[in-house]
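This report looks at how the parts of one protein model are arranged.

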Amino acid sequence: MTNTLEYNIDEHLIEKEPFYMAQSNEVEIGLTAQANQLPLLLKGPTGCGKTRFMQYLAWRLKSPLITVSCHDDLSTSDLVGRYLVKASEAVWQDGPLTLALRAGGICYLDEIVEARKDTTVVIHPLTDDRRELPVEKLGKLYKAPDDFMLAVSYNPGYQSVTKDLKPSTRQRFVSLNFDYPDPELEAEIVGRESGCDPGLSRKMVKLAAMTRSLKESGLPEGASTRLIIQAVKLMQGGICAVDACRAGVIESLTDDPELLEAMDDMITSLF
Ligand SMILES: Nc1ncnc2c1ncn2[C@@H]1O[C@H](COP(=O)(O)OP(=O)(O)OP(=O)(O)O)[C@@H](O)[C@H]1O
């Protein structure tokens with residue numbers, strides 16, 4: 001008999017409806033994928049709404065959502081589980097993937113390409129019609145219940161070839177391409193999230209669009225929706241618009257003096 005550490009999975013239920021503004025039919029596709037036991041791959045730049053989308057989907061499905069931020073040290077045991085020593089006894093602790101699977105919830109692996117290659121292999125039998133998770137250390141093979149969903153995200157923008165998803169991994173997923181919303185929609189999101197007036201949210205969206213156009217000039221990524229909302233919050237806290245955009249937006253984008261100067265001009269043209 002294995003002693004197991006018990007968790008309260010209900011802590012991962014989202015009780016209040018998260019504010020999510022759909023860009024297209026991604027909600028319908030997400031719900032249909034889940035109903036058909038298909039895994040989801042969310043592609044898109046940082047801060048464009050992928051996590052919020054997953055929170056909304058989990059709320060709609062009344063499913064617990066367990067999110068894992070992947071990194072290059074993430075091992076299979078971190079996902080699946082491991083034995084811990086408690087009071088000189090070996091106790092099994094489910095990892096987030098096993099936990100979500102056993103509860104019939106959603107496991108969201110954020111930035112999957114950051115994880116070690118051997119870690120991504122563990123999801124292969126889970127993402128085809130076998131839908132099973134082998135837990136070698138326990139000598140068990142868990143079959144995913146129908147409600148269980150695996151979702152992963154990655155940002156194609158700054159992946160090197162070595163960090164790209166292998167075709168054998170990506171071709172298991174239903175893929176949704178996320179991008180920054182259209183300006184009108186983005187301004188509405190900024191307004192709803194920060195409570196600022198429409199004039200300011202439109203200006204901030206304009207600034208974000210201007211920075212995004214600098215991608216060809218070497219800026220790895222323009223300002224995300226998240227970043228402009230943060231800058232508005234600085235303004236609401238009493239920081240003047242120019243300083244809020246400097247500290248809240250452009251300094252977070254680059255250290256390159258020329259690009260910073262170009263973006264500083266953008267700020268002063270708007271405020
Ligand atoms: N469609 C949307 N509806 C509501 N809020 C949004 C939407 N898109 C972006 N946001 C706002 O932008 C913020 C950042 O979005 P989110 O955390 O979902 O980004 P992400 O794509 O998961 O980024 P990362 O890849 O860095 O994890 C949210 O907290 C929310 O305030």
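## Two domains

The C-alpha centres of domain 1 and domain 2 lie 31 Å apart. Domain 1 covers residues 9–177, and domain 2 covers 183–269. These bounds come from an automatic or database domain assignment.

The model is predicted: local features need pLDDT of at least 70, side-chain atom pairs count only at pLDDT 80 or more, and totals for chains, interfaces and linings use all residues. Residues are numbered from 1 along each chain as its sequence is written, and side-chain values use heavy atoms, with hydrogens and water left out.

## The interface

Eleven residues of domain 1 are in contact with nine residues of domain 2. Contact here means heavy atoms within 4.5 Å. The two domains bury about 900 Å² between them, 58% of it on carbon and sulfur atoms. Buried area is the accessible area (1.4 Å probe) that two parts lose on being put together, summed over both. On the domain 1 side, Phe 19, Met 21 and Gly 47 lose the most area to domain 2. Together they account for 60% of what that side buries.

Polar links also cross the interface. Six residue pairs are in polar contact between the domains, both residues at pLDDT 80 or more. A polar contact is a pair of N or O atoms within 3.5 Å; within protein, one must be able to donate a hydrogen and the other to accept it, and residues adjacent in sequence count only if both atoms are side-chain atoms. One salt bridge is found across the interface of domain 1 and domain 2. The term requires a side-chain nitrogen of Lys or Arg within 4 Å of a carboxyl oxygen of Asp or Glu.

## Cavities

The structure holds two cavities of 30 Å³ or more. A cavity is a set of points on a 1 Å grid over the protein atoms alone, where a 1.4 Å probe fits but cannot get out; lining residues have an atom within 4 Å of a point. Grid points are joined across faces, edges and corners, and volume is the space filled by probe spheres set on the points.

The largest cavity has a volume of about 60 Å³. Ten residues line it, and Val 113, Lys 117, Thr 120, Asp 164 and Leu 165 lie nearest its centre. Its lining has four nonpolar, two polar and four charged residues. Ala, Val, Leu, Ile, Met, Phe, Trp, Tyr, Cys and Pro count as nonpolar, Asp, Glu, Lys and Arg as charged, and the others, Gly among them, as polar.

The second largest cavity holds about 30 Å³. Its lining has seven nonpolar, two polar and no charged residues. Among them are Cys 70, Leu 109 and Thr 120.

Note on methods. On a 1 Å grid over the protein atoms alone, a cavity is a set of points where a 1.4 Å probe fits but cannot get out, and a pocket is an open set with protein on both sides within 12 Å along at least five of seven lines; lining residues have an atom within 4 Å of a point.
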